[in-house]
Amino acid sequence: MFNTIISPRTKVLRDRYFDNAPGICSERAKIITEAYQEYSADPAMIKRAKTLKKILEKMTVFIGQDELVVGNQAKKPRYSPIFPEFSFDWIIDELENQPFELRDADRFLIDESTKNDLRGIQAFWKGKTVNALVKAKIPEESLDSIGNSAVFTFATDVVICSGVGHYSPNYKKIITKGFLQIKRDAEEQLEKLGIPANGTDIEKYNFWKAAIITCDAAIDFAKRYAELALELAMKEENIYRKRELLEIAQICDRVPANPAANFREACQSFFFFQLILQLESSGHSISPGRFDQYMYPYYKADLDAGKITQEAAMELIEALWIKLAEINKVRPIGATRAFGGYPMFQNLCVGGQTRDGRDATNDLSYLCMEASKNVALHQPSLSARLWNGTPEGFWNKIVEITKKGLGMPALYNDEIIIPSLLNRGKTIEDARDYAIVGCVEPGAQGYEYAWSGGTGDAPFFSMPACLEYAMNDGKSFVTGKQAGPNTGYLKDFETFDQLKDAFEIQLKYFIDHFTVVTNAADIVHQEYVPLPFLSCGMEPCIERGLDVSAGGAKYNATGTAGVGISNAADSLMAIKKFVFEEKLVGKDELIDILKNNWDGKEILRNRILAETPHYGNDNEEVDQLASWVAGRYCEMTEASEGVRGPYSPGLYPVSANVPMGLGMGASADGRKHGEPLADGISPVHGRDKSGPTALLNSAAKINHFINSNGTLLNMKFHPTAVDGEIGEKGLKILLKSYFYSKGLHVQYNVVSSKKLRDAQANPDKYKDLVVRVAGYSALFVGLDPDLQEDIITRTEITELG
């Protein structure tokens, strides 16, 4: 019923996608520089609204051949705009010293004209960027905690590189209401307010004024495409394409100004909203969320009325998926090592429950998965919600799509996530209606603003680094610098529990500095780069007269991401066994070994690797250490208070586990200096020797309820392991058992290491090979070589059991 093949149009659009190499566009940067000078005297809220309006008025618009859904972020498909208001010095530095087009990963074409455009605005932004303002606000001790330690992925030069992102707004409101009505809502609030004479009324006044400006900007932007489509139609000789262009003109004239009248209008309205959000701020993880829920009424009505066929709807969805994949973002070279593969984290989820607790799976849920299979691109990031009432057909479809090897869909357990959201103060209806944001973060769609640390690229937190400093009186094995507080050397601890106490002190110290940095970022974002357009689609900002950056959403939090649980647990287990219990290794001796990177101690290292129980093998002792490490990090994080609300702990690395190993010395689990940390709650590569069931049993022992910002578990299967009816049945049983045991999330790569090695050697043969990296999928051949190696060396499961 829901098995389709890729349509000829989709194939053409997909081929054209790969023909367009990523590049850099200077248009937005030039326009915003002009706007900031022109509107310099305006309040930040009004300035941001007027600036967005000017960008949408002056940027290039185009309609590609054969496109059904229109809209562009830059002058060419897959080109990235530049957002100088957030950070800019690194752009010039890379432009001059390490060309974007010659990077090891995430390369961007850039011509001389664009380079000169960017050089021409550099002086204006000196000292005016969000990054500069945040750095000026952070206390010196907190900046030192960044510069001297390997705990964070912050950098001392680029603390903030982009806008915030990390939300799933109310697409349903935009599609069903339209911006004309949202504008009227803001105007009514202004009329009720009258003269803004009391307290902070002037702030409300400016917010509603800004919302009105951005509504007009969105409407006018769409009409530019209507005019262009009409112009192209007049020149088009092909009668079928002429008809399509005339329909595009009619659609763009109606939406997003008005409520969508059919499925195609709903798709176009959705994309205009998604696109303008990306142009307002460069934050990624702007997630479509429950697309199959808010779009289904339009699909069903058109299907029942005979206005659309399933095949036509599928082609439209595929065209929309390709447009989502065209959205791009350029990051500093260091950040690409933590976020490799041009990721935008536009997470779209299907399935789950309705707000009143019924199964939400519908025909569109299946079509979305089928479209992802046919298009076979890295965006949107497809997720599936599962619960006790999920129909068997949906489970079967998930297994079928998983076997295609795209690393999608990622799978989420309602039976854990909904209670964890209730624990964070959500209503039962909002908890049931959660979306997945970015990598793995659950949030109440349209009601929650829970950005990840205010950096735009989530700041990750290394637990193994805290253990290194706990063993060495707060000093780094690599630099010898004082990174954390003085908690004593390993030789000073008479018991294993004293080492754990020192580890907790280091954790608390760095979590406190983490909150200092992220709270400073939150304040600067509120003051200088508010988000009036986003606020139109986040509830109840318009009603409250409060921008989303100032806490206008119903729910507010700051998300965090802990990394390296299994390294920390395995290291603690090795120290407990070989130092404190068996006394095979002296305390000073172990410190010297780690400082010297296991040099000359391979026999001892191999013994530790062979005899230490490792997380991922269903060993109770080491699994409880992993649960303790994760629990203490989450409890301390959760106790921290942000500017708009509490902190929300998570356990996932994106791909930051690879560069985070660079700043650490060797560790007691056998890891050598510079080697990657383990990703998410996954075991260290190759240490899970007891099969997938044991691995999942270990992961289930971590307290997922407290991880309200999500956990991430990667698994890699050889295609033969899930082949045929027996393989499919085994994979489904494995997944169901893990979720029954209270696992929160899991995702699979179904690809052989041999194929990935061949792709490394022959990238031109594999330009469309998509793999799961962490909380996202990416085109394998575009990844940083170290990240490619990290994916290849993940434990390859050849048998289920």
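Six strands, arranged in the order 3-4-5-15-14-18, make up an open sheet with mixed pairing. Strand 3 (347-351) and strand 18 (796-797) each have a single partner strand and stand at the edges, so one side of each lacks a neighbour in the sheet. Here strands (E, at least two residues) and helices (H or I, at least four) are DSSP runs numbered from the N terminus, and two strands pair if DSSP finds at least two bridges between them. The model is a predicted one, in which local features need pLDDT of at least 70 and side-chain atom pairs count only at pLDDT 80 or more, while totals for chains, interfaces and linings use all residues. Residues are numbered from 1 along each chain as its sequence is written, and side-chain values use heavy atoms, with hydrogens and water left out.

Strand 3 and strand 4 (residues 381-386) are parallel partners, paired over five bridges. Buried means under 20% relative accessible area, exposed means over 50%, and partly exposed covers the range in between (1.4 Å probe, protein chains only).

Further along the order comes strand 15 (residues 745-750), where six of six residues are buried, so this strand too is largely enclosed by the rest of the structure. Both of its faces are covered, with His745, Gln747 and Asn749 buried on one side and Val746, Tyr748 and Val750 buried on the other. Strand 5 and strand 15 run antiparallel and are joined by two bridges, with Leu411 opposite Val746 of strand 15. Strand 14 (residues 714-717), by contrast, runs parallel to strand 15, and four bridges join the two. In strand 15, Asn749 is the residue that Lys716 stands opposite.

Helix 19 (residues 414-423) lies across strand 4 and strand 5 (410-413), and runs at about 60 degrees to strand 5. Axes are lines fitted to C-alpha atoms, for helices over the stretch in contact, and angles run from 0 to 180 degrees between N-to-C directions.

Attention now turns to helix pairs. Two packed helices are described by the angle between their axes and the distance between the axes. For helix 4 (residues 89-97) and helix 5 (residues 112-125), the axes come within 10 Å and cross at roughly 135 degrees. Helix 4 and helix 5 are therefore oblique to each other; angles under 35 degrees count as roughly parallel, over 145 as roughly antiparallel, 65 to 115 as roughly perpendicular and the rest as oblique. Their crossing is left-handed, a term used if the near helix is turned anticlockwise from the far one by less than a right angle, whereas clockwise gives a right-handed crossing. On the helix 4 side, Asp89, Ile91, Ile92, Leu95 and Glu96 meet Lys115, Leu118, Arg119 and Gln122 of helix 5. By class, this contact has four nonpolar, one polar and four charged residues. Ala, Val, Leu, Ile, Met, Phe, Trp, Tyr, Cys and Pro count as nonpolar, Asp, Glu, Lys and Arg as charged, and the others, Gly among them, as polar. Contact itself means heavy atoms within 4.5 Å.

A second pair is formed by helix 11 (residues 239-254) and helix 12 (residues 263-280), whose axes come within 10 Å and cross at roughly 60 degrees. The crossing of helix 11 with helix 12 is right-handed. Glu244, Glu247, Ile248, Ile251, Cys252 and Arg254 of helix 11 meet Arg264, Glu265, Gln268 and Phe272 of helix 12. This contact has four nonpolar, one polar and five charged residues.

Another buried isoleucine is Ile401, with 1% relative accessibility, located in helix 18 (residues 392-402). Leaving aside neighbours within four places in sequence, Ile401 is in contact with Met369, Glu370, Lys373, Met408 and Pro409.
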